[in-house]
Each structure stands twice: as structure tokens, then as C-alpha cells.
Amino acid sequence: MMDPKVEAEYEEYKAAGRIWGVIDKENIKKIKFPRISKEIVDGFKALEDDLTGTVSDMLDTLGYNKVIPANVLHPIESGHLIVGTAVTLRSIPIEKTTTQGLYDKDFIKMASREVNYLAEPGDVLVGDAGGMTEMSSMGGQSFVSAKIRGLEGVVIDGAVRDVGEIRKYGVPTWCRGATPKTGKCRIEAIEINGPVVLAGIQINPGDLIIADDSGICAVPPQHVEYILKKCRQILPDEEIMRDLIEKDAPISEIKKLFRKRYTDEDRK
């Protein structure tokens with residue numbers, strides 16, 4: 001049975017023209033939930049260089065396994081940094097053969113556009129497609145709707161297609177790979193805004209997604225302020241250390257900064 005609060009929100013969004021109706025409403029677990037503040041998001045974006053490496057270190061210190069390397073889910077186009085709140089979609093293979101589904105004229109059961117219209121500007125679509133790469137979990141029209149709806153980007157444990165449109169509309173995307181083969185009659189969405197698993201890593205709606213060329217980090221919302229504070233402390237030291245190395249400074253100077261970096265009690 002659907003949560004009464006979520007059902008009321010569903011009817012509100014339906015009246016506003018934000019419901020596609022592809023997935024049963026009982027399988028939408030959340031619609032309205034807290035987003036990470038713009039101040040925090042902009043704070044992370046201002047740090048830029050190799051951000052996921054530092055965030056990954058901070059997640060280690062907090063005891064979280066919430067990092068996916070780029071050699072598993074890689075960016076379609078390099079050079080992007082995205083920071084935004086996760087909205088989630090879980091999909092599974094359809095039981096019928098593709099031939100039977102096409103013969104029966106089955107309706108498309110993929111729901112990435114549904115998520116895009118439930119999302120808020122700045123959100124990141126996080127799709128659990130179980131690592132399926134034979135067929136596409138998301139294609140051109142979904143990426144157009146993601147752009148128009150103001151999504152920050154897409155992270156999906158599956159394949160995508162229409163790579164030209166992804167680049168044309170400038171939607172930063174991390175995935176298993178690309179394929180021309182449609183997911184129609186091959187994939188069905190079964191849940192929106194519930195917990196998902198990407199490459200063995202749990203991600204929840206509301207997590208802060210940070211992704212760049214090195215990979216993807218998912219930060220639990222209760223820790224975003226702490227991790228931002230630590231990143232602001234650590235990254236300047238990293239820049240100073242790089243500068244010392246580039247100048248071929250004495251090892252003693254580099255060691256001094258290194259010891260400071262790893263013995264400062266406030267950074268443990």
C-alpha cells in the first residue's frame with residue numbers, strides 16, 4: 001500500500017503534469033524529500049580539481065563504502081564535475097522474449113523520464129540497471145528531458161545509447177558503456193526513489209553525488225557539511241605540496257608538510 005503522504009504528493013504532481021504513469025504509483029517510494037543545499041553544492045564545486053579523491057578519503061575515515069571507480073562506471077565525456085542530490089531508479093530485465101513483447105505491442109516500461117519529471121533542478125539521476133550492457137537503459141529523449149528539467153547529470157549501472165545527443169545537450173553521464181540496442185521490451189522499471197545498488201555500492205535518494213573523471217562518490221546527507229569542511233582544509237595543503245615537488249624543494253620541506261597533513265588532530 002502506498003504511503004498516504006507520498007500518495008498525496010503523487011496526486012499533486014499528477015495535477016501539475018509531472019507524472020508519466022509508466023510505473024505503478026505504489027512503486028514510487030519518495031517524491032518530496034530534503035535536497036542538499038545550494039550553498040553546500042556550490043562549496044564542493046568551487047574545490048574542483050580531483051575532488052573525488054579527497055572525498056573518497058573522507059568517506060574512508062567515516063567508515064563508508066560508497067565510491068565507484070571510473071573504470072567501472074566511466075564518463076561518456078571527460079572533463080565534467082557534477083555535484084547534486086541523488087534521485088534513484090531501479091530496473092530489471094523483462095521476463096518475456098523481446099520478440100514476444102514486440103508482437104504483443106507492449107508499452108515501454110522504462111521510467112527514466114518519469115524520474116526526470118519528479119526530480120528537482122540540480123538533482124542527479126542514479127540508475128540501478130544491474131550492470132546490464134546488452135541493451136540501453138536510457139536513450140536520447142530521456143537525456144533531453146533530463147536537460148530540460150535541469151538535472152545535474154546521470155549515473156547509471158547499465159548502458160546508454162544516442163551518445164551524440166548526450167554530448168549535444170551536455171548531460172554529464174557515467175555508465176557501463178554504450179550500445180545502439182534499445183531497452184524497449186527488454187527492461188522494466190520497478191522502483192523510483194528507493195535504495196539502489198550500483199557496482200556493489202548502496203546509494204540512497206538524498207545522498208550527495210560527486211562525480212568526475214576519477215569516479216563517483218555518494219555522501220550520506222548527514223555528513224556533507226563535515227566532508228566539505230575537511231576538503232576545504234586538505235586541498236590547499238595538497239596544492240602547496242604539489243608546488244614544492246614541482247620546484248624540486250628539499251625532501252625535508254615536503255616531509256614537514258606531509259607530517260602536518262597526517263598528524264593534525266583536527267583532521268582525524
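**Close-ups of a predicted model**

Cys-175 is buried here, with a relative accessible area of 0% (buried means under 20%, using a 1.4 Å probe and protein chains only). This is a predicted model, where local features need pLDDT of at least 70 and side-chain atom pairs count only at pLDDT 80 or more, while totals for chains, interfaces and linings use all residues. Residues are numbered from 1 along each chain as its sequence is written, and side-chain values use heavy atoms, leaving out hydrogens and water.

View 1. The structure holds zero disulfides (pairs of cysteine sulfur atoms within 2.5 Å).

**View 2. The largest nonpolar core.** This core has 30 residues, and Val-160 and Ile-192 have the most contacts inside it. A nonpolar core joins buried Ala, Val, Leu, Ile, Met, Phe, Trp, Tyr and Cys residues through side-chain atoms within 4.5 Å. A second, separate core of 18 residues includes Phe-44, Val-224, Ile-227 and Ile-234.

**View 3. Around Ile-192.** Leaving aside residues up to four places away in sequence, Ile-192 touches several residues, including Ile-23, Thr-88, Leu-89 and Leu-118 (contact means heavy atoms within 4.5 Å).

View 4. Thr-85 belongs to strand S3 (strands are DSSP runs of E, at least two residues, numbered from the N terminus). Is Thr-85 buried or exposed? At 3% relative accessibility, Thr-85 counts as buried. The Thr-85 side chain reaches the backbone nitrogen of Ile-36 at 2.9 Å. Among the residues Thr-85 touches, beyond four places away in sequence, are Phe-33, Gly-122 and Asp-207.

Definitions and conventions. Buried means under 20% relative accessible area, exposed over 50%, partly exposed in between (1.4 Å probe, protein chains only). Helices (H or I, at least four residues) and strands (E, at least two) are DSSP runs, numbered from the N terminus. A polar contact is a pair of N or O atoms within 3.5 Å; within protein, one must be able to donate a hydrogen and the other to accept it, and residues adjacent in sequence count only if both atoms are side-chain atoms.
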